[in-house]
Structure formats: C-alpha cells, structure tokens
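Me: I would like to go through a protein model step by step. Could you please show it, and then take my questions one at a time?

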Amino acid sequence: MRLPLLALLARGPAHGYELKQGLEQLLGAAYPQPNVGQIYVTLGRLEKSGLIEGEEIAQSNRPNKKIYRLTDAGREALNVWFEEPTDEPRVRDEFFMKLALAPASGMADPITLINKQRRQYLNTLRDLSKLAAAEDRDNRISQLLIEGAMLHLQADLDWLERCQEELE
C-alpha cells in the first residue's frame with residue numbers, strides 16, 4: 001500500500017479518502033478495495049519516515065482534514081520502485097507446499113488436492129469473466145488487471161495438468 005499511495009501523491013496533494021477513491025477508480029472492482037483505516041495508518045507511517053508531509057486544513061462546518069504531499073525523499077523512493085523490476089517467481093506457493101507434503105503426511109491425496117484447486121481456479125476464472133463484462137470498458141487499467149489475472153489463472157490450470165500427469 002505504501003508505494004501505490006506515494007504514486008497517487010505524485011499527481012498532487014490529497015487527503016486519505018481521496019487516495020482511497022483514486023485507487024478504486026483506477027483499479028476498478030477487480031482489485032481488492034482498500035480499507036480507509038489501512039490507508040490512514042499507512043499515511044501515518046509514510047509521514048513518520050519522511051516520505052510524505054501532512055498539513056492540517058481547517059474546515060468551518062466539518063472536522064479538520066489532513067492533506068498529504070510527497071517529499072523529495074518520497075519522490076526518490078517512488079523513482080526506485082518504478083526502476084526496479086518486480087521479482088515475482090512464485091516458489092513459495094501455498095498450494096504447491098500442500099501438494100508436496102500430502103504424500104509424506106498421509107493426510108491428503110495429491111490428485112484430490114489438484115482437482116479441488118482446479119475447481120477453485122475455474123470458479124475464479126468464471127467470476128473474473130463476469131467482472132470483465134461488467135467493468136467499465138473505458139477503464140483500461142482495470143481491464144488489463146482482470147486480463148492479467150485470467151492469464152495467470154490459465155497458466156496455473158496448465159501447471160495443474162502437468163502436476164496431475166506427473167503424479168498419476
């Protein structure tokens with residue numbers, strides 16, 4: 001949550017609720033909706049670490065609000081984040097750990113695990129297809145997020161087939 005908030009603040013000053021709305025509008029319904037409490041906790045941590053600075057703004061008929069701005073250190077942290085490739089090989093996959101330990105534990109059948117996981121992936125793929133059809137077609141970021149998730153699921157399904165071939 002830290003770096004996405006910094007990225008939104010790179011556009012200009014904002015308060016926590018505006019940042020929440022910005023994430024929701026940008027990413028659409030496919031991405032888990034951020035909790036406003038988590039956003040404010042993260043903003044507090046970012047401020048303590050010097051990546052952002054906050055300023056209380058008095059409001060006449062409402063409680064004061066705090067507007068946050070990106071600092072030079074925050075802009076540098078954001079530049080580093082954008083420059084570094086994402087390291088995402090999933091070698092610490094929980095399902096794979098279950099699959100690897102099932103025979104040794106004697107507690108689960110590997111093929112049964114594969115079939116349950118396949119059903120889960122297919123259900124998720126179906127839900128994402130419905131979401132893609134319902135999502136605003138003009139929100140290309142959201143559409144790309146959904147498409148990426150679907151492609152990952154298809155690769156996972158292919159991998160499950162490979163596992164089943166090896167273990168039967």
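Me: In which helix is the place of Gln-164?
Reply: Gln-164 sits in helix H7. Helices are DSSP runs (H or I) of at least four residues, strands are DSSP runs (E) of at least two, and both are numbered from the N terminus. Please note that this is a predicted model, in which local features need pLDDT of at least 70 and side-chain atom pairs count only at pLDDT 80 or more, while totals for chains, interfaces and linings use all residues. Residues are numbered from 1 along each chain as its sequence is written, and side-chain values use heavy atoms, with hydrogens and water left out.

Me: Does Gln-164 count as buried or exposed?
Reply: Gln-164 counts as buried, at 13% relative accessibility. Buried means under 20% relative accessible area, exposed means over 50%, and partly exposed lies in between (1.4 Å probe, protein chains only).

Me: Which residues is Gln-164 in contact with, leaving aside its neighbours within four places in sequence?
Reply: Gln-164 is in contact with Ile-111, Ile-114, Asn-115 and Arg-118. Contact means heavy atoms within 4.5 Å.

Me: What are the buried residues of H6?
Reply: They are Pro-110, Ile-111, Leu-113, Ile-114, Gln-117, Arg-118, Tyr-121, Leu-125, Leu-128 and Ala-132. The buried residues of H6 pack against helix H5 (94-105) and helix H7 (140-167).

Me: How far apart are the end C-alpha atoms of helix H6?
Reply: They are 36 Å apart, which agrees with the 36 Å that the 25 residues of helix H6 (residues 110-134) should span at 1.5 Å a residue. The expected span is 1.5 Å times one less than the number of residues in the helix.

Me: And H5, how many residues has it?
Reply: H5 has 12 residues, and from its first C-alpha to its last it reaches 16 Å, close to the 16 Å expected. Within H5, the residues Phe-95, Leu-99 and Ala-102 are buried.

Me: Why do the buried residues of H5 line one face of the helix?
Reply: Seen down the axis of H5, its buried residues fall within an arc of 55°, so they line one face. The arc is that of the directions from the helix axis to the C-beta atoms. As a general rule, an α-helix has 3.6 residues a turn, so residues three or four places apart point the same way.

Me: What is exposed on the other side of H5?
Reply: Glu-94 and Ala-104 are exposed there. The buried residues of H5, for their part, pack against H6 and H7. After H5 comes Gly-106, whose phi is positive, near 70°.

Me: Changing topic: which residues touch the most other members in the largest nonpolar core?
Reply: Leu-5, Leu-6, Leu-9, Leu-19, Leu-43, Leu-46 and Ile-52 do, in a core of 16 residues. Helix H1 (2-9), H2, helix H3 (36-48) and E2 each supply at least two residues of this core. The largest share, 4 residues, comes from H1. A second, separate core has 15 residues, including Leu-99, Ala-102, Tyr-121 and Leu-125. A nonpolar core is a set of buried Ala, Val, Leu, Ile, Met, Phe, Trp, Tyr and Cys residues joined through side-chain atoms within 4.5 Å.

Me: What does Leu-6 touch, not counting residues up to four places away in sequence?
Reply: Leu-6 touches Leu-46, Leu-51, Ile-52, Leu-70, Gly-74, Ala-77 and Leu-78.

Me: One more topic: how many salt bridges does a search of the whole structure find?
Reply: The search finds 6 salt bridges. A salt bridge is a side-chain nitrogen of Lys or Arg within 4 Å of a carboxyl oxygen of Asp or Glu. One of them joins the side chains of Glu-24 and Lys-20 (2.2 Å, N to O).

Me: Where are Glu-24 and Lys-20 in helix H2?
Reply: Glu-24 and Lys-20 are 4 residues apart in helix H2 (residues 16-27), so about one helical turn separates them. Glu-24 is partly exposed, with a relative accessible area of 24%, whereas Lys-20 counts as buried at 14%.

Me: Which side chain meets that of Glu-55 in a salt bridge?
Reply: That of Arg-69 does (3.1 Å, N to O). This pair links distant parts of the chain, with Glu-55 in strand E1 (residues 52-57) and Arg-69 in strand E2 (residues 65-70), 14 residues apart. Glu-55 is partly exposed at 38% relative accessible area, and Arg-69 counts as partly exposed at 33%.
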